[in-house]
Amino acid sequence: MRDKSKPLTTDPSPRFFTLEDYEGQVPRWCSGCGDLPVLTAVQRICRDEQLLPERTVVVSGIGCSSRFPHYMKTYGFHGLHGRAFPVACGIRSRRPDLNIFVATGDGDCCAIGAGHWIHAIRYNMKMVVMLFDNNIYGLTKNQTSPTTAKDANSFTHPEGSFISPLNPIAVTLSIANVSFVAQTVDWNPPHLYATLLAAHRHPGLAFVRILQRCPHFTAKVYEPCQRDPSLLLLMKHPDGIPVDDMVAKIFKNQVDHDPANLLEAQDLAVRKEIYPIGLFYRNESAERYDHFSRYGADMDQSEKVKAVEKELDHFQI
Amino acid sequence: MHPLDSTSTIKFQPAVSALRLKGRSRWLHSPIFVRENQRQQGEFSLQARTLRNLFEERLKSLSIEEPQTGVVADNLGHLLECLCSNLSKNLDQADIQKVANDAGKKFLDTLESNDETKDQLNKVVNDLLSGIMEPGWIVGRRRVDLGALCSIAIRSHRCSVFEYFRRETKRLVGCLESRLQVEFLHSPEGSEPDTLAGSFGKMDSIGINAETLAQNLPPYRGARRLSNTQLARLEKTVATLRHWMHSDDNPEDLILLASKKGLADIFPDSTAPSVKSNIFSNAMDCFDRTAGEWVEFFRAFRTALLEVENAYEPDLHDEAIANMDWSTLTEKEFALIPPVVALEESTSIEGKSLDFLNQLLDSARPVVIILTDVADGFDPSALQTIFGASHAGLAAPIIARGNVFVIQSSLARPKHLFTGLTRLMGSSRPGVALVSVPAPGDSEELAEQFLEGALGSRTTPCFVFDPDGGNSWAACFDLNGNPQKEHLWPEYEIELSENSESKEGNTSLRLTLPDYAALKLPETQEITVIPSSEWSEQQYPLAEYLDRLQTEENAGYPFILVVNEEGTFRRALVSDKLVNSCLERVRCWRLLQELGGINNEYALLASDRAKLETAAQKDNERETLLNAQKDELEKVRLESARETIDRLVAILVSDTPLSIADLAAEGEKSILVENLHPIEAASAALLEEGGLSFSKDKVVGGKKQEDKEEMVQVRVADPYIDSALCTTCNECTNLNPLLFKYNDNKQAYIADLEAGTFTQLVQAAEKCPARCIHPGEPRPGDKTSTKSVLAKAAQFN
């Protein structure tokens, strides 16, 4: 029987991939866009972990950030609005050998795709979910998204958004069977890289919300945090996101938080005056739906035919 | 004995008492005006305020022009005097109006005013006096006012329950009577023609013959009839209730027992039964009798309540109702019983009388005992106790019982007395009120002097002991009402007139025990007025003398200041006996103060301990912080030294360590080191920057001679990119792909400085969203570095 986790062809010479091997088209994001460092971080992870490009797939919905698959020289699936999760879950159901990255935005995930989001978290199939949260619909040019701050202006709400924004971290932490929730910022590449790497190595669905600057529509939203790191709260713990001391030094506000403590994580998540960054919660022993869904995926053709015929035999008269 | 001078025949008074009570302060605490509060849900409560306070507040709220209000405000004491001199006993409302109007007229007459201002003044005064036109009582410091206060206090706690029981009784009687009526109509007597005629009215006019109707009525065979016992019970109940309803019981009623005729002026209207045996045993009997009568009423009342609800079960209730006595009454029921008040002079409590008082208090019967103490000067031969000099130590043993509500008060503080009496009447415990009253026949002014003197000199201090207050002294015992209770003696600022012979410039005088005793000058033998020729340095004011007693061997002679009607001041020497009494009184007052929570030794000790602990804790914290700071400083110093070495190494291993040397002539960050080998120069400079002390000579060593003429300048302000923070936005690489390049991690670094200009560096720094490009300072010869560019560059360095 063939082991599908091994390459199809056996290459006599060992392959080594550089960063360029993962670079697809030239990104068409605006200059200064916060998506760019995320792209670089993912490419670096692919390179550092030497992921096989043909065994890596990036799935996305619709939105600025969802152009991500085009810029990776791997497999990709630029899907329907809000439907990145079902596609990714579908892939994972039958392909345990692939590395799956899901790129989704705050509109894509938290609005039209919210139902899929909740169930994908619950299914806990192994993948890295990157929520690019720039607080706005950027691709369609400045419409209020679920995470747009109250009173913030947009074309759909010229006099300011009426209701308070949704907190994706708090929502995710409250979903059953959640297994990995982290938050990071795009303007600190070392922390971003460390967070995504930890997410990639997590055996289950790793949900990472990336506070992402949109220089065009919501330039002011994260600017204070970028200029003054004391507006961020670094969550530290030996089991958390490992960060270099030099990086940790710039964060004046730090807190010791054990990622096994869900209640404390929920408390931290709802803090409004400060953005906690780092690992909120990790539970490696959460149940995984892909362990069930891949049943029979390793059967070969004849076994499958046999099985079908056996089933059909039940209907013999 | 000091010889007396010619003025000794003139009556002297203690200066503090005589001068203080002149003018406005005299009316500070008395009289008070008591009126009913707005009733809320039928709750009856009274509010007491001093007239002066009332008038002053009204004056503030008046919207009449300033000068006239000011005139009245300045002469408020005079107005009060006019008012009080006109007040007679037992005023009803019409009388009060008349008295107030008369007082207003008299007051206006004494003011010098022309016709214009007179109208306005009249208006102000009328407005002011209308404040006491509301239904209420004015209570001053006369003996009769004690009786009035008792009546008001009883009213305050009895009135609301009185109304409740009147209302309820009426309802119950109505219900029970209709029940009896029905019963009667069902009986054979109910079918008699006369009864029928009575029930129907004029039957003839509508053509019905009562007799025919009676013959034709079928015998009643309806519902169950009342049993005979029940019928008897109902009838008895109704009779008892009706008896009370038609009695002339009044909410202000009290059952008064007074031992002596001398007390008649306190309750002039009441007809106290003459007491043959001891008043306290009498009071006990009287209470039992009264309570017995009332318990009978409450038996009827409770029976009626049960009957109306149809819930009376003989098996269950007969015994309980029969066993009722005053101790089983509810609080509300208890409040309805008019209190038994025993009025007695405190001086008569001795020997057998004291035994009877103890018996009464032991029996826990809630009798109100009012003991009057006539304030007529201090007698040092009287027994001294902590709770009062002339009450023969009554309060102390009574408080020690723990189950008796005790107040000690004075008519000088009618508000305190009123509040105390109200609480006492509302308590279901035996209550004892020790009240300082003026001697019968004393003038208003004299009475005031004696009352204030007794209170201020701590002879009969005010206090309230409420056993239900709580579990601690602080909760039960209240020392409020005493003048300046924080101090040993009350201290007053006195204006000495100019012609006074007093050489003391000090105008603040204390009201001490000898001052109170001096009110009885010249009869008292304990105080000797001396002429000014006898004054000497050895004489000290009493308070100072008492202090000297503690420290000096030869304490001198104590004196107090007295004044006669002409305003002549004299010193009056105080006898040893009086000084001893005074010391005793000081000790007693200190004990009282401690009970009242003032200067409490335990509290002071605890506070000192807490202060020490806090100080020690602070010192500890400070030390910890200092140590932490020291450690941190050391750490930073080491770190910076390490960084310095790193940078030094970086400079040393770079290709052109000296290529920047010629740049260093300008700029603050350059460090000039003369006559050193380049490596050592850089090392010394950077080590110094890192805070390490280093002797130049030591570093230089013997190489000084070799490179004598070389001069090296080291720059630290080179352009650089914090690559780790680069967000790969392509801005800089788009600007100049030769100057800026990406490293292996796709993060920018400066590849070739020669490939670009300083302006490009600054432009890139401006565009960089991660703000990680630091352009440094321009290289020499860079023509693009204009002033504006340099200014921009400064933001990113």
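Trainee: Which strands of chain B does helix α17 lie across, and how do you know its direction relative to β9(B)?
Mentor: Helix α17 (residues 444–456) of chain B lies across β7 (368–375), β8 and β9 of chain B, and runs at about 130 degrees to β9(B). This is a predicted model, in which local features need pLDDT of at least 70 and side-chain atom pairs count only at pLDDT 80 or more, while totals for chains, interfaces and linings use all residues. Residues are numbered from 1 along each chain as its sequence is written, and chains are lettered from A and ligands numbered from 1 in the order in which they are written. The angle is taken between N-to-C directions, on a scale from 0 to 180 degrees, with axes fitted as lines to C-alpha atoms, for helices over the stretch in contact. Helices (H or I, at least four residues) and strands (E, at least two) are DSSP runs numbered from the N terminus.

Trainee: How many strands form the open sheet that runs from β5 to β11, and what makes β5 and β11 edge strands?
Mentor: The sheet has 7 strands, in the order β5-β6-β7-β9-β8-β10-β11 (chain B), with mixed pairing. Its edges are β5 (255–258) and β11 (477–478) of chain B, each of which pairs on one side only. Helix α11 (residues 279–308) of chain B packs on this sheet, where it touches β5 and β6 (340–345) of chain B, and its direction makes about 170 degrees with that of β6(B).

Trainee: How do you know that β8 and β9 of chain B pair?
Mentor: Two strands pair if DSSP finds at least two bridges between them, and here 6 bridges join β8 (residues 405–410) of chain B to β9 (residues 431–438) of chain B, the two running parallel. In this pairing, B:F405 stands opposite B:G431 in β9(B).

Trainee: How do you know that β2 and β4 of chain B pair, and what is the order of their sheet?
Mentor: Their open sheet of 3 strands has the order β3-β2-β4 (chain B) and antiparallel pairing. Its edge strands are β3 (46–50) and β4 (136–139) of chain B, each pairing on one side only, and the twist from one strand to the next averages 20 degrees. As for the pair itself, 4 bridges join β2 (residues 32–36) of chain B to β4(B), and these two run antiparallel; B:I32 stands opposite B:V139 in β4(B). Helix α2 (residues 51–61) of chain B packs on the sheet by touching β2 and β3 of chain B, at about 85 degrees to the direction of β3(B). Helix α7(B) also packs on the sheet, touching β2, β3 and β4 of chain B, and its direction makes about 145 degrees with that of β4(B).

Trainee: Why is α7(B) called oblique to α16(B)?
Mentor: Helix α7 (residues 143–186) of chain B and helix α16 (residues 414–426) of chain B pack at about 45 degrees, with their axes 9 Å apart. That angle makes α7(B) oblique to α16(B), because angles under 35 degrees count as roughly parallel, over 145 as roughly antiparallel, 65 to 115 as roughly perpendicular and the rest as oblique.

Trainee: Why is α11(B) described as roughly parallel to α14(B)?
Mentor: The axes of α11(B) and helix α14 (residues 352–362) of chain B come within 7 Å and cross at roughly 25 degrees, which makes α11(B) roughly parallel to α14(B). The residues in contact (C-beta atoms, placed from the backbone, within 7 Å) are B:F280, B:S281, B:A283 and B:M284 of α11(B) and B:F356, B:L357, B:Q359 and B:L360 of α14(B).

Trainee: Why are α7(B) and α11(B) oblique to each other, and what is the hand of their crossing?
Mentor: They pack at about 55 degrees, with their axes 10 Å apart, and are therefore oblique to each other. The crossing is left-handed, a term used if the near helix is turned anticlockwise from the far one by less than a right angle, and right-handed if clockwise. In this contact B:T169, B:L172, B:C175 and B:L176 in α7(B) meet B:F301, B:A304, B:L305, B:E307 and B:V308 in α11(B).

Trainee: What pLDDT does chain B average, and where does it stay under 50?
Mentor: On the predictor's scale of confidence in each residue, from 0 to 100, chain B averages 78, and 81% of the residues score at least 70. The pLDDT stays under 50 over residues 657–684 of chain B, a stretch for which the model has 54 contacts beyond four places in sequence.

How values were computed:
Two residues are in contact if their C-beta atoms, placed from the backbone, lie within 7 Å.
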